[in-house]
Structures are given as structure tokens and as C-alpha cells.
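Dear colleague,

Please find below the structure that I am handing over to you.

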Amino acid sequence: EAVDVFTHFGFPTVLADRDLPAPALAWAVRQRPGLLGVMFTASHNPPEYNGVKLYTKDGVLAGREFTDRVEREVEHLASQPEPFFLRREELVRVEPLGEAYLAALEAHVDWDAVRRIPGKVVVDPLFGTAREFLDRLLLAHGVPTRVLHATKDPYFGGYAPECTPANLATLREAVREEGAILGLATDGDADRFGVVDGSCRVLPPNPVLAALVDYLTGSRRLGAGPGGVGRTVATTRLVDRIAAARGLELLETPVGFPSLGPLLLSGRVCVGVEESAGLGVSAHLPERDGIFACLLLAEMVGATGLPLRALLRNLFARYGTLLSRRVQLPLREESLRALELLRGRQFREFAGLAVTRVEREGGVLLELAGGAWVLWRLSGTEPKVRLYAEAPTTNLLRVLVREAKKTWRKAEEEVRHV
């Protein structure tokens, strides 16, 4: 349908010959170059959330300024009778858009290091578009690999194709059965990743992202150059400590990778991360790439000769322990006003700790003495409220989460009683 519309108005259009990972489309539109990349996807959400991702000619997700204009045009056109669009076949080409992206991965990964992985790898694309991408590359380079859920299923086995511990239960079991050293997963459109270590634990994204930042800005130096490190406001502050130790600029952005894309594109940031398992490297693509992140994890394990668990222990030993957690609460009628209520509140202390910084853009962030912090925000893609917390100890993290929940419930109660 999209091809019909574009060619009806005279735009030469290239259609992928199969379902495509999001980073592969970003690579294709940037390489050609094209005016626009269009992908229909629910990303990591349930299939019924299906929507549209737009990539600019630079291969980055279109920002709000661009998409707001598109939405205004949609509203305008919705009031008019739907026209008939006639496909102009002479303007249509069907091509294997993933091949150039695969070639880029071949060039940007240290395959000698990957081949030194001391064990087997299990790959789970969760029925998504990374099928025959991540597994194909590993097998082509002789890495012992078992593949799960590698058939096309637009309903993703009946689950949202998100790399959550519940959804990766089969991957954990396969890692146990195979005695594998690593389990690698990607979400539905393959721009995010998940990882299971050799002890069959699903590792949280934050420390894994920090380990990758440490590797990429340290011994690997992929794209490091003069660029700094970028992270979203909800991402672990371990990244800040790594950047400081390397003498690199640290840039904080609002939640959402579209804020990091332009920084990667400009070269001001060499590595960008977001807490929902998003990683972008300027030397590869100014956009998050779950397949590339999985390959870098395999490379890091092979290059260091250490399992992920040991790598994370070393990370905490060098930079200090920081533990993080995200909690999701249902979005209620009063949630928006509750957030506005918190935005207007003056915080001097929280959970017995002095507040050192308050940010109110996109949510409410409280940074606390001792390196801890909490954040309240509304999800931009789901009807949920998200609470984030990070602390140097498990006990303090538990306290912060409890107090954050209590503070949010009180704010909603105040709204209801007004």
C-alpha cells in the first residue's frame, strides 16, 4: 500500500524482498541515499501496536519536529475522501536490502575475537526480523550456534517480542541444555537486544550497556575518536563514571534514542546508549542496532576470554557498584495530572537522602547524594507509568523503589480528591 502511494505521486521506491531489521533499513536509506526510510513495525510491543518508523536520509529515526508535521498532515487528510492510488510499476524495485547491511557487519566486527569465544552461543530472534542475520553471521564464521524461534510469525508466538526475562525463558533453558557461554536475543525489529549469561541468568540491560561502553571506549576504541559518550536520562550513571575515567564528554538526553541519533551523526558522541537495551556506535550507524550489539557482546567475550559475569564483576570493581531497576504501573485517568503535581513540588530530600539535582523535562528526575537517583515518567508507547531507580546497594535500591511508588500513589490520590 505504501509503495502504491509513493509511486502514484512519482517517487521511485525500493521495497525490501523480505521483512527487514530496523537497522538494516536505516543502513539502506543512508547508503543509497534515499529521501526516507519507512518501516511498519510494533518494535518490541505487541503486534496490535503496529505503527510506522520513519528514517531520514542520514539513517536516523525522524525526530519530533519531523513526525509532528507528518501527524498534522495525516489529520488534515483524514477529513477528506480517500483517493485511489495507482501503483506505477516502472518506479518500483524489489531488492535484498539486507545484504549491504550484512556486509557492514562483516566489516565492523572483529571476527577473530568472536571466533575465540570459549563455548557455544544460542541465538533467539523471538520470531522477529533478525532471523538469518545474527545467526547467519555467527554460523558463517564457524561459531557453534543454536538458533531458536527462527520462523516468520507476525504474532511472535503469541507474546510481545520484547527481550524480557519472561520472554527469554526458552533461551535460558537452551543455554542450560547446551552448556552455552552466551545467549543472545533481539526484539521484533532487531534494534534492541537481550542477553543470557553462561549461568542462565537474563542480565539487566544497564550493566551490560556499561560494559559495552567500557569496551568500546577502551581497548576496542571503535569510533571513539574525539567523540564523547551519550546516554538517556534513565540510563545507568556507570556510563558517566566510565566517560570520566576515559576523559570523554558525557551528554545526557531525554528518554528515546531519537535524541541520541543526531549526536552520533555529528560525531560529538561516539557511543550512545539507552536503558531499554539500545546501543548506537557512530562508526557503524547513527542509530541503535540490536544485532550489532549482540555481535559486540560476543566479540567482547572472545577478546577478553572472560564470561559476562566476570566482566561485570570487574566493571563494578573498577567503577563502583550501581544497581538499577525499572517498575511499570498502569496509566490512570489522573496520571498526567499526578506527574504535573510532582513537577511543581520542591524536593529537598528523598528517602532520607539530600536531593542534589532536579530535572522536570519529560518527567521528574531526582539525583540524590551518594550517586543514587529516581525518575518518574509516562511511557510514550504504552499506557504505563514508569518509575526508575538506581543505587549503590540492594537495600537502598529497594527503599528508593518503595518510596517512589508511595510518592506516586499519593500524587494520584491528591489528584482524585481535588
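Helices (H or I, at least four residues) and strands (E, at least two) are DSSP runs, numbered from the N terminus. The model is a predicted one, in which local features need pLDDT of at least 70, side-chain atom pairs count only at pLDDT 80 or more, and totals for chains, interfaces and linings use all residues. Residues are numbered from 1 along each chain as its sequence is written, and side-chain values use heavy atoms, with hydrogens and water left out.

Phe66 lies in helix 3 (residues 64-78). Its relative accessible area is 33%, so Phe66 counts as partly exposed; buried means under 20%, exposed over 50%, and partly exposed in between (1.4 Å probe, protein chains only).

Helix 12 (residues 308-319) has 12 residues and should span 16 Å at 1.5 Å a residue, which agrees with the 16 Å between its end C-alpha atoms; the expected span is 1.5 Å times one less than the number of residues. Among the buried residues of helix 12 are Leu308, Leu312 and Phe316. The buried residues of this helix pack against strand 7 (182-186), strand 8 (193-197), helix 8 (205-217), helix 9 (238-246) and helix 11 (290-304), where contact means heavy atoms within 4.5 Å.

Arg386 belongs to strand 18 (residues 384-391). With a relative accessible area of 8%, Arg386 is buried. Leaving aside residues up to four places away in sequence, Arg386 touches several residues, including Arg326, Trp376 and Ser379.

Yours sincerely
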